[in-house]
Amino acid sequence: MRFIHAADIHLDSPLRGLEKYEGAPVDEIRGATRRALENLVELTLERQADFLLIAGDLYDGDWQDHNTGLFFVAQMARLREAEIPVVLIRGNHDAESRMTRSLLLPENVHMLSTRKAETCAAPRLEQLGVAVHGRSFAQAAERENLALDYPEARGGCFNIGLLHTSLDGRPDHDPYAPCTVDDLVAKGYDYWALGHIHQREVLQQDPWIVFPGNLQGRHIRETGAKGCLIVEVDGRGKASAEFEPLDVLRWRTCRLDAAEAEDGEALLGLFAQQLDDTLAEAEERLTALRVVVEGATAAHQQLAGDAPRWVNELRGVALDRASDRVWIERVKLQTRPRHDLSDLLQGDGPLGEMIRYVRQLEQHPDELKPLTGFLDELRRKLPDEVFARTDDPHADGLRIDDPQWLLQLARDAEPLLVGRLQDHGGSAAAEEARA
């Protein structure tokens with residue numbers, strides 16, 4: 001027996017703010033979740049899977065129109081023609097979708113109940129000796145331990161639990177349908193097909209308890225290969241799982257250690273080498289890349305002195321090497337000078353005073369709070385879209401009410417100011433000597 005385990009498709013997820021990025025492949029990114037779903041259906045057909053499981057968050061809330069739902073129905077109809085059943089549950093993102101409730105699904109698609117946990121009654125599953133147990137979210141903020149209500153394992157069957165859950169908590173994910181691994185093991189199932197966590201994670205293999213991750217990364221915090229699991233069950237009822245990437249656009253972060261770069265030109269050469277490796281791993285997929293240049297380097301002063309130039313130089317390297325396969329989402333220059341600042345820190349001059357002030361702020365970041373009052377006028381003058389969304393702690397944008405964000409800004413400014421002030425001081429001394 002063979003089945004496919006997928007989750008968190010977020011079909012037609014609204015990717016907010018893409019337009020603000022110059023050169024962003026907006027159409028490719030917006031259509032990525034649809035292409036990934038098509039890949040999932042193709043894989044299910046090619047591998048002649050006996051059934052497909054979707055562990056919640058098929059949608060991303062209410063649709064803008066019915067085209068989202070109709071696209072899903074059309075894809076499921078392809079599986080119906082091959083007599084492949086699909087079992088799915090609602091997660092926190094599609095629990096409240098009013099349109100979904102009115103959509104007539106093909107007869108091979110089985111949406112499990114929101115009222116209580118149940119066992120799917122699909123005839124094909126009964127023929128295979130498979131019992132799929134699950135329960136959909138009735139509301140987005142599901143705080144109950146739904147696993148406790150799941151049926152006991154059926155004797156003589158391969159038992160699967162389909163559950164959308166945060167388990168005992170995961171970073172950057174809301175604590176929905178919380179439970180423990182022990183709660184799941186106690187049910188006596190052979191395989192737990194989980195959803196909600198977008199990073200692939202195998203918690204254990206006896207029984208299998210697995211998050212496949214989401215089907216398609218949607219932003220820079222969802223990096224790396226995304227896809228589904230192909231699960232094979234042998235004649236003794238023992239399962240094995242294989243990851244299959246299905247994403248059409250891959251988000252990556254390139255951390256470029258500038259320690260070996262003596263100048264900006266050498267840094268560009270290092271980036272070209274690392275970019276080639278990154279693109280090879282993507283296997284011809286479009287890659288959305290964030291470049292973070294870091295480390296103590298002799299090139300720091302050159303980079304910090306003309307940051308816009310070197311950001312564009314790095315973008316130029318990417319265009320030259322693979323213009324049709326890579327988009328630079330952002331470049332962050334976070335280098336620091338090679339020389340030790342301890343001598344300056346002990347000095348009585350303005351540089352020492354500035355460095356000591358930043359060190360003091362690191363110990364007492366609340367001292368930055370009064371600064372937010374001075375920034376109110378700036379807030380009034382700037383458009384709303386330049387500020388980060390308050391409901392997303394990872395969203396890009398200004399956070400002038402957040403002392404920790406302001407502190408990081410001060411840390412980033414310290415090496416830039418040191419480099420420029422030292423450069424200015426050195427130039428002034430040279431002119432005085434010449435005079």
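Strand 13 (residues 249-257), helix 7 (residues 264-282) and strand 14 form a right-handed β-α-β unit. A crossover is called right-handed if, with the strands pointing away from the viewer, the path from the first strand over the helix to the second runs clockwise. Helices (H or I, at least four residues) and strands (E, at least two) are DSSP runs, numbered from the N terminus. The model is predicted: local features need pLDDT of at least 70, side-chain atom pairs count only at pLDDT 80 or more, and totals for chains, interfaces and linings use all residues. Residues are numbered from 1 along each chain as its sequence is written, and side-chain values use heavy atoms, without hydrogens and water.

Two strands pair if DSSP finds at least two bridges between them.

| Partner of strand 14 | Sense | Bridges | Residues standing opposite |
|---|---|---|---|
| Strand 13 | parallel | 9 bridges | aspartate 257 and glutamate 294 |
| Strand 15 (residues 326-337) | parallel | 11 bridges | glycine 295 and threonine 335 |

Of the 12 residues of strand 14 (residues 286-297), 10 are buried, so the strand is largely enclosed by the rest of the structure. Buried means under 20% relative accessible area, exposed over 50%, and partly exposed in between (1.4 Å probe, protein chains only).

Some backbone angles also stand out. Most residues other than glycine have a negative phi, and most peptide bonds are trans. Histidine 10 has a positive phi near 50° and is buried, with a relative accessible area of 0%. Aspartate 57 has a positive phi of about 60° and is buried at 1% relative accessibility. The peptide bond from aspartate 206 to proline 207 is cis, with omega near 0°; proline 207 lies in the loop between strand 9 (201-205) and strand 10 (208-211).
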